[in-house]
Amino acid sequence: MGKASRRKVAARTRELLNATQSRLKAWGVDHPLVIRSDLPQEQKISNGISKILDSEVGEDASLDEYRHRAKAIVLAWNVSLLPLEEQANTLKNLGDFARKTDPGGAAAAQAELLRLIEKKRLMFPDDKRFIVSCDLQLVGNKVHVTAAAISAPPQRSATS
């Protein structure tokens with residue numbers, strides 16, 4: 001990557017960081033965001049997405065199919081982090097939405113999301129990061145996943 005490309009990536013990263021921080025403040029979360037780009041490969045959120053994606057998509061799939069599956073994986077990952085009652089509401093809302101676009105597809109969409117939620121829990125039970133962005137690109141003949149996630153801020157104790 002050339003110097004100009006690195007500057008563009010750094011600028012986009014700063015813009016995303018600032019936009020995310022602004023949204024969090026609007027929601028009442030006033031914790032500074034820290035970018036961790038120095039994680040070992042096995043700890044990166046993109047690695048988790050890639051592992052699930054590799055188990056879901058065949059090698060001969062198109063980039064569009066990879067992207068479609070990645071969106072479902074990210075949705076399932078994030079839903080898996082919600083309290084159980086909110087998960088149920090999200091699944092119901094997904095079913096309601098699917099019924100409007102494809103009346104027969106609601107049950108299948110809910111079942112697929114539940115299957116992916118369970119796969120995330122089995123493969124990454126302790127990873128509680130919320131995925132905020134995910135992009136896939138072809139690099140040579142391989143699909144490369146770039147993703148960002150945020151961790152929940154530390155919980156304050158009832159005595160503080």
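Below is a working chat about a predicted model of a protein.

Me: Okay, quick overview first. How many helices and strands does the protein have?

Reply: There are five helices and two strands. Going from the N terminus, the order is α-α-α-α-α-β-β.

Me: And what share of the 160 residues is buried?

Reply: Buried residues come to 25% of the 160.

Me: Let's go to the largest nonpolar core. Which residues have the most contacts inside it?

Reply: Leu53, Trp77, Leu113, Ile131 and Leu136 do, in a core of 20 residues. The elements giving two or more residues to this core are α2 (45–56), α3, α5 and β1 (130–139).

Me: Which element gives the largest share?

Reply: That's α3, with seven residues.

Me: Pick Ala76 from that. Where does alanine 76 lie, and is it buried or exposed?

Reply: Alanine 76 lies in helix α3. With a relative accessible area of 0%, it counts as buried, because the cut-off is under 20%.

Me: What does alanine 76 touch, not counting residues up to four places away?

Reply: Leu113, Leu116 and Ile117. On the C-alpha side, alanine 76 and lysine 119 are separated by 9.1 Å, and they sit 43 residues apart along the chain.

Me: Which helices each supply at least two residues of its lining?

Reply: α3 (63–80), α4 (84–101) and α5 (106–123) each do that. The lining residues are Ala72, Leu75, Leu94, Phe97, Ala98, Thr101, Asp102, Gly105, Ala109, Glu112, Leu113 and Leu116. So Leu113 turns up again: it is among the residues with the most contacts inside the largest nonpolar core, and it also lines this pocket.

Me: How does the lining of that pocket split by class?

Reply: Eight nonpolar, two polar and two charged residues.

Me: Now the strands. In which sense do β1 and β2 pair, and over how many bridges?

Reply: β1 pairs with strand β2 (residues 142–150) in the antiparallel sense, over nine bridges.

Me: Which residue in β2 stands opposite phenylalanine 130?

Reply: Isoleucine 150. Another bridge joins serine 133 to alanine 148 in β2.

Me: What happens in the hairpin between them, at glycine 140?

Reply: The hairpin of β1 and β2 has two residues between the strands, and glycine 140 takes a positive phi near 70° there.

Me: Last one, serine 46. Where does it lie?

Reply: Serine 46 lies in helix α2.

Me: Is serine 46 buried or exposed?

Reply: Buried, because its relative accessible area is 10% and the cut-off is under 20%.

Me: And which residues is serine 46 in contact with, leaving aside neighbours within four places in sequence?

Reply: Gln41, Val145 and Ala147.

Technical notes:
Residues are numbered from 1 along each chain as its sequence is written. This is a predicted model: local features need pLDDT of at least 70, side-chain atom pairs count only at pLDDT 80 or more; totals for chains, interfaces and linings use all residues. Side-chain values use heavy atoms; hydrogens and water are left out. On a 1 Å grid over the protein atoms alone, a cavity is a set of points where a 1.4 Å probe fits but cannot get out, and a pocket is an open set with protein on both sides within 12 Å along at least five of seven lines; lining residues have an atom within 4 Å of a point. Helices (H or I, at least four residues) and strands (E, at least two) are DSSP runs, numbered from the N terminus. Ala, Val, Leu, Ile, Met, Phe, Trp, Tyr, Cys and Pro count as nonpolar, Asp, Glu, Lys and Arg as charged, and the others, Gly among them, as polar. A nonpolar core is a set of buried Ala, Val, Leu, Ile, Met, Phe, Trp, Tyr and Cys residues joined through side-chain atoms within 4.5 Å. Buried means under 20% relative accessible area, exposed over 50%, partly exposed in between (1.4 Å probe, protein chains only). Two strands pair if DSSP finds at least two bridges between them. Contact means heavy atoms within 4.5 Å.
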